[in-house]
Amino acid sequence: TQILRLGCGCQPNDIVCTSIESTSIKTGEDIRCYLKEKIKECDYIFFMISDNYQKSEICLNEMGAAWILDKKVKPFLFPNLNFTKLGWLYEISKGSSLDNESALDHLRDELLEEYNLIKKPQTADWTAQKKEFLKILI
């Protein structure tokens, strides 16, 4: 979430990340209702696909819901995976590895163009956040 917030200008309440407690479902909430509502409301869905993601029924349900609701989906794979492992649902989609700097730059450009998140985008800020993200990833 940090790369979206600090590098693109997204606000914390614009991001739902089900694997981070501060941006996820609160204790006692109905997970099905929460996810259903958030998926309906959102413009983009980012899948950060790992081996654990592929084994999670909840994550696969989220992917199916995004597909059914025809959402803008951005699949990003951890560096040790490839798209042939995802099955037929995403064989036709173009995705990228999380460590692909050009794909991250393209995503930033797309978000800035569509939402005008930052009035004066600072490439140096973006580059610093991207480098930090890539360091953590590897």
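Modeller: One term before we start: two strands count as paired if DSSP finds at least two bridges between them. Also keep in mind that this is a predicted model.
Colleague: Okay, how many bridges join β2 to β3?
Modeller: There are 2 bridges between β3 and β2, the strand at residues 72-77, and the two strands run parallel. In one of the pairings, Leu-77 has Ser-97 of β3 as its bridge partner.
Colleague: And what order do the strands take in the sheet?
Modeller: The order is β1-β2-β3, in an open sheet of 3 strands with parallel pairing. At the edges sit β1 (44-49) and β3 (96-97), each pairing on one side only.
Colleague: Which helix lies across β1 and β2?
Modeller: That's α4, residues 57-68, which runs at about 145 degrees to β1.
Colleague: Switching topic: which residues touch the most other members in the largest nonpolar core?
Modeller: Leu-4, Cys-8, Cys-10, Phe-76, Leu-104, Leu-111 and Trp-126, out of 15 residues in that core. At least two core residues come from each of α1 (2-8), α5 (101-115) and α6 (123-137), and α5 gives the largest share, with 4 residues.
Colleague: What is Leu-104 in contact with, leaving aside its neighbours within four places in sequence?
Modeller: Leu-104 contacts Phe-76, Leu-98, Trp-126, Lys-130, Phe-133 and Leu-134.
Colleague: How many residues are in the other core?
Modeller: That separate core has 11 residues, including Ile-45, Cys-59, Met-63 and Leu-81.
Colleague: Great, thanks!

Methods. Residues numbered from 1 in each chain as written. Predicted model: local features only at pLDDT ≥ 70, side-chain atom pairs only at ≥ 80, totals over all residues. Heavy atoms only, no water. Contact = heavy atoms within 4.5 Å. Axes fitted to C-alpha atoms, helices over the stretch in contact; angles between N-to-C directions. Core = buried A, V, L, I, M, F, W, Y, C linked by side-chain atoms within 4.5 Å. Buried < 20%, exposed > 50% of the residue type's maximum accessible area, 1.4 Å probe, protein only.
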